[in-house]
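Hello,

I am handing over the structure we spoke about. Please open it before you read on. My notes come after it.

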Amino acid sequence: MKKLSRSFSLSLVAAGLLASGTVSAESLAIINATLHTSSEQGVLEGASIVMNDGKITAINPSDVKADKVIDAKGQIVTPGFIASVNQLGLVEVGAVAGSRDAGEEKAGIDFDASLAFNPRSTLIPYARKGGITRDLITPYGGDSIFAGLASVVDLSGSFESVNKKQAALVVHLGERSKGSRAFTLQTLIKKLDEHQTKASKEAKKDDAKPSAEDTIMAKVLKGDMPVLISVSRAADIVELIKVKQQFGINIVLNGVQDAVVVKDRIAKAGIPVIISAMDNLPGSFDSLNASLNNAGILEKAGVKVLLTVGGDASHNVYQLRYDAGNAVSYGMSQQGALKAMTSNVADVFGINAGSLEVGKAADVVMWSNDPFELSSHVNKMFINGVEVSTESRQDKLRERYTTESNMPRAYTK
């Protein structure tokens, strides 16, 4: 067979690229859906949503026009869920050191773990099966209380999946195996004070070139970058509220098993909290108030709640929707639980997604039934308006080991 000429080969490549561009630009509409918008519109029955060029372009238009129309036949459609505080794409196998990239002993304020994000991690398709379309990935740092910078990624599998770097500065406070928690809090206060003083002095010098740390801390002090602080004990939370008031920074609290003790103070200070709905037993003297009721109690107190998966979240982020369902069964409102893993996360970390509204990223999920139910599953998923697969490594292994064949078990023809 003769080889294709170079010019003809190039023309085929160009045609392929053109075709792929056409597919990604295809407008799409879902009609006859039950839209859980996670916005002020609430739930819309028998509604339609139109997507084009990666964005939502219309909700319930009088005349639906799109290249492709999908009839949902009443099925539930939600925004894609946004996970948070995990190392998805930064770890493959926890027990294999070479596959862990979220920590470094020398890590500090400017540590950017997103440089190691792997959009082709086998954990990502599994996360998509749980309705997750975006994620706030966080480093766990090293010796310093400053673990580094959180980033926002989408789960499309694209090598351009990192959507937002420097989404938050990650800080670890609270109990220590060695030393005093007072020293760690003092370290945070001194660092803020140092950079606040430095910024006022450098404002008079036009020729001063800021370091990476200077740039990050300037954003923090201006309120442009939230500080994501892991802490549990109520007394520590009270001290952090004072820090927020002193420096005018945006604080987001993570863990906070004791938050219910000072819930009114947190609500008054306007501090969002990230919690696991499944924290029901004290893991230390800092978390004596851990309870399955906490998400509902905090919501009712007026605290903005974000839900995360506790423990090994990187491998288990799929279960976020089940945790949300449990939060509902223990007192959280259904729409509050939905917002806790969609629009609330988007609001806190400046993500243009998390709700079904015109102009938002077209991260849309069609469900077989109530997404909080164990038996439901994703029927269709779109990230930036492009349909993505939810087939995971687990599905492929199941097929491999259950396929009938004359070959030895575990092999297929």
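This is a predicted model: local features need pLDDT of at least 70, side-chain atom pairs count only at pLDDT 80 or more; totals for chains, interfaces and linings use all residues.

The largest pocket

The largest pocket holds about 770 Å³ of space. Its lining is made up of 37 residues. To find the centre, look for Val 85, His 172, Ser 230, Asn 254 and Gly 311, which lie nearest to it. By class, 20 of the lining residues are polar, 12 are nonpolar and five are charged.

The aromatic pairs

There are three aromatic pairs. One of them joins Phe 81 and Trp 367. Their rings are stacked, at 5.6 Å centre to centre, with 25° between the planes. The angle counts as stacked because it is under 30 degrees. Phe 81 sits in strand β6 and Trp 367 in strand β14 (residues 364–367), so this pair ties together parts that lie 286 residues apart in sequence. Both residues, Phe 81 and Trp 367, are buried.

Another pair is Tyr 318 with Tyr 322. This one is edge-to-face. The ring centres are 5.7 Å apart, and the planes make an angle of 80°. Tyr 318 and Tyr 322 are both buried. Together with Tyr 126, they form one aromatic cluster.

Best wishes

Conventions:
Residues are numbered from 1 along each chain as its sequence is written. Side-chain values use heavy atoms; hydrogens and water are left out. On a 1 Å grid over the protein atoms alone, a cavity is a set of points where a 1.4 Å probe fits but cannot get out, and a pocket is an open set with protein on both sides within 12 Å along at least five of seven lines; lining residues have an atom within 4 Å of a point. Grid points are joined across faces, edges and corners, and a volume is the space filled by probe spheres set on the points. Ala, Val, Leu, Ile, Met, Phe, Trp, Tyr, Cys and Pro count as nonpolar, Asp, Glu, Lys and Arg as charged, and the others, Gly among them, as polar. Rings of Phe, Tyr and Trp (its six-membered ring) pair if their centres lie within 6.5 Å; planes under 30 degrees apart count as stacked, over 60 as edge-to-face and the rest as tilted. Helices (H or I, at least four residues) and strands (E, at least two) are DSSP runs, numbered from the N terminus. Buried means under 20% relative accessible area, exposed over 50%, partly exposed in between (1.4 Å probe, protein chains only).
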